[in-house]
Structure formats: C-alpha cells, structure tokens
Amino acid sequence: MNYTPAQFTYRPGTSTKYTWLDGPFSVLATGQSTGARLQLKMDDSVNPGGRVGQNGDFNSPQRVQTTTRLYRDGTLVADRGSLIDKTFADAGKASYELSRTYTSAGIFPMGGEATSKWTFTAGGAGDTANPVNLLNVSLDAPLNNLNQARAGLPLLVKADVTGAVEGLRKVRAWVTADNGATWKQVLVVGHHGSYGFLAPHTALKFGGFLGVRVTAEDGSGNTVDSTLPRVIPVG
C-alpha cells in the first residue's frame with residue numbers, strides 16, 4: 001500500500017511540495033503601537049516567503065505548546081498566547097523584552113522547537129499607529145523532498161534579518177548536532193540583511209537534527225535571539 005502525506009505542505013523557502021515533515025524555520029513577530037496601546041502577534045513555523053507550515057503526519061494529533069511573555073521596563077506585563085493587545089496607563093516610550101517558546105510533537109519527531117527573544121522600544125503620544133521595530137530572522141537551506149539535509153556534508157544556511165533601524169551592527173550564528181546541549185559558533189558573511197553561514201559536516205549526523213541559533217542587533221539597540229535546536233532533520 002502506498003501512503004501519501006495527509007496535507008499539502010511546502011518545502012521551506014522553495015516551492016509547494018508533498019513532504020513527510022515540516023517544522024519551524026522561523027518564528028516571526030510583528031506589532032504596532034498607538035499611543036499607550038501595544039499590539040503584538042507571533043507566527044510559528046514561518047518560512048522565508050512568509051508561508052506558515054502545515055503538518056503532514058497522516059492527520060495525527062499534534063501536541064503544540066507555546067508561551068509568550070512581555071516585559072515592560074523589566075516588569076512582566078503579559079503572559080499569554082500568540083496575540084498581545086495591551087494598553088498602559090502612560091503613553092511614553094518604554095523598553096520591552098518579548099520572549100516566545102514553541103514546541104510540537106507528533107508521530108514523527110520533527111524539529112518543532114523554537115525559543116525566540118526580542119528587545120525593542122515602543123510608545124508615544126497621539127493616535128497614529130506606528131510599527132514596532134522588531135528584528136526578525138528567517139532561515140532557508142537546500143533540502144530534499146523530505147525536508148532533510150544530507151548527512152556528513154556541509155550545509156549552506158541562509159539567514160535574512162529584517163526590521164533593522166539604522167542598520168545592523170552584529171549578526172552571529174551557532175550550530176548544534178545534539179539538540180542544543182552544545183553549540184559551535186560559525187562564521188557569518190553578508191550585508192544589508194542578507195547573510196549566510198556554513199554548517200560543518202560534523203553538525204549533520206544521520207538520523208539527527210541540525211540546530212541553529214542566530215542573534216542580531218541593529219543601530220538603535222533592538223535585538224533578536226532566535227534559537228531552533230532541532231530545525232533541520234538529517235538523513
């Protein structure tokens with residue numbers, strides 16, 4: 001008997017294909033501030049083209065857990081799901097830290113794990129909505145039709161960083177082959193938001209996962225720290 005995946009899913013960063021597996025290649029945060037009101041939205045499993053992934057595990061139930069926490073000037077002000085809509089007593093500018101964790105599991109243990117953290121400033125007077133200056137990282141890599149990388153070979157990973165104010169100052173990357181127990185920093189090359197780094201062959205072990213961490217900071221001090229310890233399966 002021939003089996004086909006339960007849903008039509010994409011190959012991250014490329015075209016729509018039937019695939020066995022799919023997992024988060026990015027965790028995207030967007031938002032706007034209007035006076036004292038701050039609205040934020042998080043999307044998990046987003047590919048560089050902005051498409052949200054689908055699970056292809058024969059329609060088996062997916063166990064998904066997310067946590068989102070927002071701190072304002074060091075004080076926890078929101079602890080909820082994928083949407084935050086908060087109005088504060090004052091409309092002045094404040095410093096924020098946003099953290100997001102995402103885990104998923106099904107029949108096939110895909111790399112559905114991500115931890116992302118953003119720091120930014122927002123707020124101001126008036127009733128005009130202004131976009132929040134959130135840095136975002138999207139990852140892309142050449143994979144096969146099962147969304148796998150080849151074991152024992154180096155893999156070129158593309159990392160795009162968007163949302164920078166006054167240019168990007170620091171972009172760094174690390175890779176892991178043991179689900180985040182140990183990390184190895186790798187050289188990042190590129191400019192103007194488009195970067196790449198080479199995951200060494202030692203980080204691509206058959207039957208395991210390549211994990212990636214990318215951090216960035218822009219000229220205004222906004223930061224992002226995106227950690228995906230099991231992002232790319234290796235076959």
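A pocket here is an open set of grid points with protein on both sides within 12 Å along at least five of seven lines. The views below come from a predicted model.

**View 1. The largest pocket and its lining.** The largest pocket holds about 220 Å³ of space. Its lining consists of 17 residues. Those nearest the pocket centre are Ser33, Lys93, Ala122, Gly123 and Asn130. Two or more lining residues come from each of strand 3 (27-34), strand 9 (113-122) and strand 10 (130-131). By residue class, the lining of the largest pocket has 11 polar, 5 nonpolar and 1 charged.

**View 2. Strand 18 within the structure.** Strand 18 covers residues 223-233. Of its 11 residues, 9 are buried, so strand 18 is largely enclosed by the rest of the structure. Buried here means under 20% relative accessible area.

**View 3. Strand 9 beside strand 18.** Strand 9, which also contributes to the lining of the largest pocket, runs antiparallel to strand 18. The two strands are joined by 5 bridges. Thr115 is placed opposite Thr227 in strand 18.

**View 4. Strand 17 beside strand 18.** Strand 17 spans residues 209-218 and pairs with strand 18 in the antiparallel sense. This pairing extends over 8 bridges. Thr215 faces Asp225, a residue of strand 18.

**View 5. The hairpin of strand 17 and strand 18.** Between the two strands of this hairpin there are 4 residues. Gly221 in the hairpin adopts a positive phi near 90 degrees.

Methods: Residues numbered from 1 in each chain as written. Predicted model: local features only at pLDDT ≥ 70, side-chain atom pairs only at ≥ 80, totals over all residues. Heavy atoms only, no water. 1 Å grid on protein atoms, 1.4 Å probe; cavity = no way out; pocket = protein on both sides within 12 Å on 5 of 7 lines; lining within 4 Å. Points joined across faces, edges and corners; volume = space filled by probe spheres on them. Nonpolar A, V, L, I, M, F, W, Y, C, P; charged D, E, K, R; others polar. Buried < 20%, exposed > 50% of the residue type's maximum accessible area, 1.4 Å probe, protein only. Pairing = 2+ DSSP bridges.
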